[in-house]
Amino acid sequence: MAGGGKGGGVVRRAGEQLLPWLLPLGLLAVWELAAATGWLSARVLPAPSDIALAFWTTLLDGSLPRHVAVSAERAVKGLLIGGGLGFALGFLTGALKPAEILLDSSLQMLRNVPHLAIIPMVILWFGIGEEAKIFLVSIGVLFPIYLNTFHGIRSVDRGLVEMARVYGLGTAALYARVILPGALPSILLGVRYALGIMWLTLIVAETISASSGIGYMTMNAREFLQTDLVLLGIIVYALLGKLADTLTRWLERRALAWNPSFHTALETAS
Amino acid sequence: MTALLQALRRLPLPRSVAVPSPSVTAALPRASFERARPLELRLDGVVKEFAGRRVLDGLDLTVPAGQFVAVVGRSGGGKSTLMRLIVGLDRPSGGRVLVDGRPVSGLRPDVRLLFQDPRLLPWQRAVGNVGIARGPGWRERALAALDDVGLADRAEEWPSVLSGGQRQRVALARALVSNPGLLLLDEPFGALDALTRQEMHRLLRRIREEHGFGAVLITHDVAEAVALADRVLVLREGKIALDLDIGGPDQRPDESAVAALEARILRDV
Ligand SMILES: Nc1ncnc2c1ncn2[C@@H]1O[C@H](COP(=O)(O)OP(=O)(O)OP(=O)(O)O)[C@@H](O)[C@H]1O
Ligand SMILES: [Mg+2]
């Protein structure tokens, strides 16, 4: 009896693990079946097996890795340039009142321009070269990082700053040990928000004007009605977005380990 | 971790000035701190105004080196303002503040202020908070100071997991690490429960005997003032309304005398 109970527990636990997969797998099966019987035209939606095949062939001929690398390079360059600039501006306006008076209202005004609206201008300026895409991504990520850096620095506990002065910290030590760590949660929030904007901008920019990258790959495939490649591109975008988000979450957990709201997350992770 | 701490505690700690005399070492089986050079505090007609409103109105006071003074007074009576002047965070509108015979011209490491809230950096562990000023050998000195307040085994904890009393003890260790000659305490135990307060009183008394610093303690609690201080001042309307000698650590008043003293102070607050 006891043995039977134990076996039942194991079965139940396995069931609980498998249950969440039931619906997606079922859908996938129905989808595959519908495509195989011809009920679902490949022009509307290709079969999952076709997408898998497209993945395999583009992987083997090297075109998928090449496009992913090009897109990732644009994303990283744009993030570094725009994020770096946003951080520097936020730091400056957060730390120095004159800089805030000089810059903040202009930046707030620029922030209200949807950065994708300037694509026609950007194409006029840069053509469809690399600069256009990197410029757009930079503009897109600049503002969330600027705003969150500024806000983070401004909201550092004044009592802590006063304490640091009493304990003799110089300006450099004050920023390194008190102000920047205090602003970090807000800055990282800005980075996470910026990552979302980064992929979105890249998708739009690559779809409109590019000769390489995942966006180009899908647009090119559309012209030849290769829906399997289009869907593959969408999936790759989703995976890259997920990867970036996972990376920042990991970074947050490491950098903000002192924060009680991250303690539980850390404990479950390890 | 504990093994490492114990190993560190056995290491000879670098001491900057004097080697403690044999009698002091014998009295201290724990961390062997050098005794501070106690500093005298003098106020010479100190005036402080905020937007024309006079908060301190010509204070004259001499606190001999090593004396423990408690200051009681109503909320908003200018007690914290006085502390900020002594520690050098703010300048008087008139008169002079002298520490060790010299006018206060800025912050100095041998005058330390303990705030009402611990003000620990949440992103530094206890030991990192105590050694916030860094400098050579800071870690050993911070660990020794934590040992002194009884928190050697919590050195690697984040402040967020410590109790209120433990946090205030970390703050005390941070003040002690530079071996101050004058310690200013701005209602440091106000937010603690009664039992923890008593524990903190015992700790503060012991540490003061070890270190020999002078102290100015602000408190709302008259009993606390009488229990800890050698002398109690009442600050009222920007002036010293009462200056009461209670006696040093070895001549504490008995219970009935304490009650009489408390009644006398409360009448003047
Ligand atoms: N920077 C400042 N600017 C203007 N007014 C101030 C400033 N600092 C203190 N004051 C005023 O000075 C008065 C005394 O303040 P202080 O903080 O010294 O009182 P306190 O005796 O410490 O009170 P509590 O017991 O409530 O802590 C208050 O009326 C306060 O509003
Ligand atoms: Mg106060």
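**View 1. Salt bridges between the chains.** Between chain B and chain A the count is 2 salt bridges, a salt bridge being a side-chain nitrogen of Lys or Arg within 4 Å of a carboxyl oxygen of Asp or Glu. The model is predicted: local features need pLDDT of at least 70 and side-chain atom pairs count only at pLDDT 80 or more, whereas totals for chains, interfaces and linings use all residues. Residues are numbered from 1 along each chain as its sequence is written, chains are lettered from A and ligands numbered from 1 in the order in which they are written, and side-chain values use heavy atoms, without hydrogens and water. B:Arg84 and A:Glu162 join their side chains in a salt bridge, with N to O at 2.4 Å.

**View 2. The interface of chain B and chain A.** Chain B gives 22 residues to the contact and chain A gives 16 residues (contact: heavy atoms within 4.5 Å). The two chains bury about 1,900 Å² between them, 67% of it on carbon and sulfur atoms; buried area is the accessible area (1.4 Å probe) that two parts lose on being put together, summed over both. Of the area that chain B buries against chain A, 33% comes from B:Arg119, B:Trp123 and B:Ile132, more than from any other three residues.

**View 3. The side of chain B that touches chain A.** Across the interface, 7 residue pairs are in polar contact, both residues at pLDDT 80 or more. A polar contact is a pair of N or O atoms within 3.5 Å; within protein, one must be able to donate a hydrogen and the other to accept it, and residues adjacent in sequence count only if both atoms are side-chain atoms. In chain B, α3 (79–87), β6 (111–114) and α6 (164–176) each give two or more residues to this side (helices, H or I, at least four residues, and strands, E, at least two, are DSSP runs numbered from the N terminus). The largest share, 3 residues, comes from α6(B).

**View 4. The surroundings of ligand 1.** Among the 13 residues around ligand 1, B:Arg53, B:Ser75, B:Gly76, B:Ser80 and B:Thr81 come nearest (near: a heavy atom within 4 Å). Oxygen atoms of ligand 1 lie 3.1 Å from a backbone N or O atom of B:Gly77, 2.5 Å from a side-chain N or O atom of B:Thr81 and 3.3 Å from a side-chain N or O atom of B:His220. Ligand 1 taken alone exposes 640 Å², of which the protein buries 59%. In chain B, β2 (53–63) and α3 each give two or more residues to the shell, and α3(B) has the largest share, 3 residues.

**View 5. A salt bridge within chain A.** A:Arg74 and A:Glu130 form a salt bridge, their closest N and O atoms being 2.8 Å apart. The pair links distant parts of the chain, 56 residues apart: A:Arg74 belongs to helix α3 (residues 63–95) and A:Glu130 to helix α6 (residues 130–154) of chain A.

Note on methods
Areas by Shrake-Rupley, 256 points an atom, 1.4 Å probe, with all protein chains shown as cover.
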